[in-house]
Amino acid sequence: MQVIAENLQEPWEIAKLNDTFYVSERTGSIVTISNDQQARKQVQFSKDLSSQPEAGLLGIAIPDNFNETNQAFAYYSYQENNQYYQRVVTIEESAEQWTETAVLIDKVPGGKFHQGGRIEIGPDNKLYVTTGDATQPELAQETDSLAGKILRMNLDGSIPADNPFEDSYVFTYGHRNPQGMAWNEADEMFATEHGSSAHDEINRIIKGSNYGWPEIQGDESAANMESPIIHSGENTWAPSGMTYQNGFFYFASLRGEGLRRFDPVNKTQELIVSNVGRVRDAFATNEGVYFLTNNTDGRGDPAANDDRLLFLPYNDLD
């Protein structure tokens with residue numbers, strides 16, 4: 001296992017373009033890592049970041065044309081008139097900082113916990129966004145609410161014509177706190193989700209489907225609701241970011257402390273890294289898996305050089 005970067009501050013998402021990594025920090029910065037050098041730039045947002053326990057600058061996504069436009073995507077939490085919200089924005093990098101340039105989605109319900117926060121550009125070149133139930137479980141079942149959902153949008157912020165609900169960003173609903181998304185080589189989508197007192201889930205995401213929260217969890221079932229492919233039972237993974245490569249999904253485990261590998265054929269999972277504390281995100285390449293520790297977020301036990309971006313070659317798993 002190799003150390004790629006260290007002394008990160010509450011890191012949340014790994015994005016990569018060519019040979020450059022971009023790591024978001026909940027405190028409001030993006031760290032660029034390239035050629036063994038790392039540099040931190042503050043993001044100038046239009047709203048003040050929320051300081052709630054799971055809030056801040058969360059997901060980022062770097063499009064393929066970033067080197068021509070300097071424009072990327074971000075998801076962040078803010079407070080306004082004693083209310084908490086999230087929004088998806090475009091941000092632009094300059095020599096000194098990043099700056100919010102446009103709002104794509106606003107007023108996603110926020111709260112003390114359950115912000116969702118992952119954003120990814122899918123194989124269909126659409127932007128996917130996970131949102132939590134903002135500790136208001138009933139919102140997850142309301143298709144006219146943006147809470148407890150996976151959202152899908154065009155990269156310009158418009159609603160795709162083939163979304164399942166008319167004039168709506170909602171792609172799937174009935175989610176509690178989904179924090180990871182990944183696609184296999186068949187472009188099938190999977191997502192991780194935090195359960196209530198264990199029963200963490202990995203779901204196969206199907207357009208327009210209802211994933212049951214708060215009506216069902218674990219092995220429970222109900223008409224017109226999807227049950228998970230696999231769940232943690234009475235154990236806790238606290239799963240966050242997820243990635244895919246060569247037949248396996250790799251996902252971050254927070255309270256479960258480590259990096260886990262999910263076999264979608266046999267519907268099994270195993271802990272493959274367990275000595276680094278909390279893990280927030282993972283990013284797979286042909287050579288191995290990069291992953292972020294998350295011990296500086298107030299819930300971990302940080303070492304002197306935490307948090308870190310680490311690399312696990314597949315050869316180390318043989």
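At 5% relative accessibility, Arg 152 counts as buried, where buried means under 20% relative accessible area, exposed over 50%, and partly exposed in between (1.4 Å probe, protein chains only). The structure is a predicted model, in which local features need pLDDT of at least 70 and side-chain atom pairs count only at pLDDT 80 or more, while totals for chains, interfaces and linings use all residues. Residues are numbered from 1 along each chain as its sequence is written, and side-chain values use heavy atoms, with hydrogens and water left out.

Arg 152 has a salt-bridge partner in Asp 162, with the closest N and O atoms 2.8 Å apart. A salt bridge here is a side-chain nitrogen of Lys or Arg within 4 Å of a carboxyl oxygen of Asp or Glu. Arg 152 lies in strand 12 (149-153) and Asp 162 in the loop between strand 12 and strand 13 (170-173), so the pair ties together parts that are ten residues apart in sequence. Strands (E, at least two residues) are DSSP runs, numbered from the N terminus. Asp 162, at 43% relative accessibility, counts as partly exposed.

By this rule there are 17 salt bridges. Side chains of opposite charge can pair when their charged atoms come close. Another of these pairs is Arg 118 with Asp 281, at 3.4 Å from N to O. Arg 118 sits in the loop between strand 9 (98-109) and strand 10 (119-121), and Asp 281 in strand 22 (residues 279-284), so this pair ties together parts that are 163 residues apart in sequence. Arg 118 and Asp 281 are both buried.

Arg 299 and Glu 54 also form a salt bridge, with their closest N and O atoms 3.1 Å apart. The loop between strand 23 (288-293) and strand 24 (309-313) holds Arg 299, and the loop between strand 5 (37-44) and strand 6 (57-61) holds Glu 54, so the pair ties together parts that are 245 residues apart in sequence. Arg 299 is partly exposed at 44% relative accessibility, whereas Glu 54 is buried at 18%.

A pocket is found on a 1 Å grid over the protein atoms alone, as an open set of points where a 1.4 Å probe fits, with protein on both sides within 12 Å along at least five of seven lines; lining residues have an atom within 4 Å of a point. The volume of the second largest pocket is about 440 Å³, a volume being the space filled by probe spheres set on the points, which are joined across faces, edges and corners. Its lining has six nonpolar, nine polar and nine charged residues. Ala, Val, Leu, Ile, Met, Phe, Trp, Tyr, Cys and Pro count as nonpolar, Asp, Glu, Lys and Arg as charged, and the others, Gly among them, as polar.

The largest pocket has a volume of about 680 Å³. Its lining has 27 residues, and Lys 16, Glu 120, Ile 121, Trp 183 and Phe 283 are the closest to its centre. Strand 2 (11-17), strand 6, strand 10, strand 14 (178-183), strand 18 (239-245) and strand 22 each give two or more residues to this lining. Strand 2 gives the largest share, five residues. By class, the lining of the largest pocket has 17 nonpolar, five polar and five charged residues.

Two strands pair if DSSP finds at least two bridges between them. Strand 17 pairs with strand 16 (residues 201-205) over two bridges, and Ile 230 in strand 17 is the bridge partner of Ile 202.

Methods
Helices (H or I, at least four residues) and strands (E, at least two) are DSSP runs, numbered from the N terminus.
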